[in-house]
Amino acid sequence: MKQCPVCGHQNSHNEMRCPECGRFYSKIIELIDELATEEENASVAGRWKRFLATSDKKQALYHEWLQFKSGLSFQAKLSLWMIFVFVFALIVTVL
Ligand SMILES: [Zn+2]
């Protein structure tokens, strides 16, 4: 007999997660599940699946575009910062 640490539901079956609240009994299984979910969310297939699952395609596409744009601008900012530091270091060493 296992007891759920979250809702206290008594589980007589040998299940891995609570049938009441969906909480995993084992921390490791919970972690694996979290990683798998994260990986699926990050992968193209997972994104595509989520995109197909949403009813509002326009909104989903807009959201994906925003994510893409924010990722791009961060990289652009980073490379600009690197160039700035490089030029600054060059000027300092010359002077
Ligand atoms: Zn529970």
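Is C7 buried, partly exposed or exposed? C7 is partly exposed, with a relative accessible area of 40%, whereas C18 is buried at 3% (buried is under 20%, exposed over 50%, partly exposed in between, using a 1.4 Å probe and protein chains only). This is a predicted model, where local features need pLDDT of at least 70, side-chain atom pairs count only at pLDDT 80 or more, and totals for chains, interfaces and linings use all residues. Residues are numbered from 1 along each chain as its sequence is written, and side-chain values use heavy atoms, with hydrogens and water left out.

Those two cysteines sit at the zinc ion. Its protein donors are the SG atoms of C4, C7, C18 and C21, 2.2 to 2.4 Å away (donors are N, O and S atoms within 2.8 Å of the metal, or 3.2 Å for Na, K and Ca). Along the sequence, the spacing reads C-x2-C-x10-C-x2-C. C7 is in the loop between β1 (2–3) and β2 (10–11), and C18 is in the loop between β2 and α1 (27–42) (helices are DSSP runs of H or I, at least four residues; strands are E runs of at least two).

Now move along to helix α3 (residues 57–94), where you'll find L80. For aromatic pairs, look at W81 and F84: they are stacked, 5.7 Å centre to centre with 25° between the planes (ring centres within 6.5 Å make a pair; planes under 30 degrees apart are stacked, over 60 edge-to-face, the rest tilted). F84 also stacks with F88, with centres 6.4 Å apart and planes at 20°. W81, F84 and F88 form one aromatic cluster.

Note on methods. Phe/Tyr/Trp six-rings, centres within 6.5 Å; stacked < 30°, edge-to-face > 60°.
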